[in-house]
Amino acid sequence: MTQATEHQEIPPAVCSCGWTGPEHNLDWDQIGDQDLAEAAGGTADTCAQDWDTHTTEVDQAAIPLPETFTNLLAQLVTEIETLAKTSPLAALRAARQLEMTAARAAYWPAHQARQDTTLEQAANALGLNEDAARKLMARFGDWSPYH
C-alpha cells in the first residue's frame, strides 16, 4: 500500500434511503505501523453500531408485521439453515420455493398498493426509498418499473 493510499479519508456509510452515517476518521499517525484491522477495530465497531441503529430505526418506522408472521419467517430461516447442513441443494430448493411463493402471494397486494397509495407512502411503509419501493412493487406486480 502506498503512503498516499494509507492517508485517504474513509467515506461515511450511506443507505439507499438517503441516510448518511457520521464520519469516523482514523488517526493515521496514531495507527502508525500497527495492523489496520487491529488498530481500527474500535472505529469499525462504532460504524457497525451506527448502521445497526439506522436499520433498526428504519425497521421500526416501516409498517409492522403481525408477530405470527415474523415468527413463521424466523422458523423458515431456521429450517432452511438446518437443511443446508445436510443438503445445501435441498436448502436452495426450499429457498427457491419460498421465493416463488412470495411472488405469487404479493401479486395482488402490489397492484392494490399501487392503486391505493402514493409512492412516498409505499416507500415509508416498506422502509425503502421511493425508487426501491417502485421497483419492488413492479417486480411483485409484474409490470415495468419504468411506467
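I take buried to mean under 20% relative accessible area, exposed over 50%, and partly exposed in between (1.4 Å probe, protein chains only). Phe-69 therefore counts as partly exposed, at 39% relative accessibility.

I note that this is a predicted model, in which local features need pLDDT of at least 70 and side-chain atom pairs count only at pLDDT 80 or more, while totals for chains, interfaces and linings use all residues. Residues are numbered from 1 along each chain as its sequence is written, and side-chain values use heavy atoms, with hydrogens and water left out.

Confidence: I read a mean pLDDT (the predictor's confidence in each residue, from 0 to 100) of 86 for the protein, with 92% of its residues at 70 or more. Helix α6 (residues 88-116) has the highest confidence, at 97, and helix α1 (residues 3-6) the lowest, at a mean of 45. Helices here are DSSP runs (H or I, at least four residues), numbered from the N terminus. Where pLDDT is low, the predicted coordinates should not be read in detail.

Leaving aside neighbours within four places in sequence, Phe-140 is in contact (heavy atoms within 4.5 Å) with Ala-102, Ala-103, Ala-106, Tyr-107 and Ala-110.

Around Met-137: with neighbours within four places in sequence again left aside, I list among its contacts Ala-110, Leu-119, Asp-142 and Trp-143.

Notes:
Helix = DSSP H or I, 4+ residues; strand = E, 2+ residues; numbered from the N terminus.
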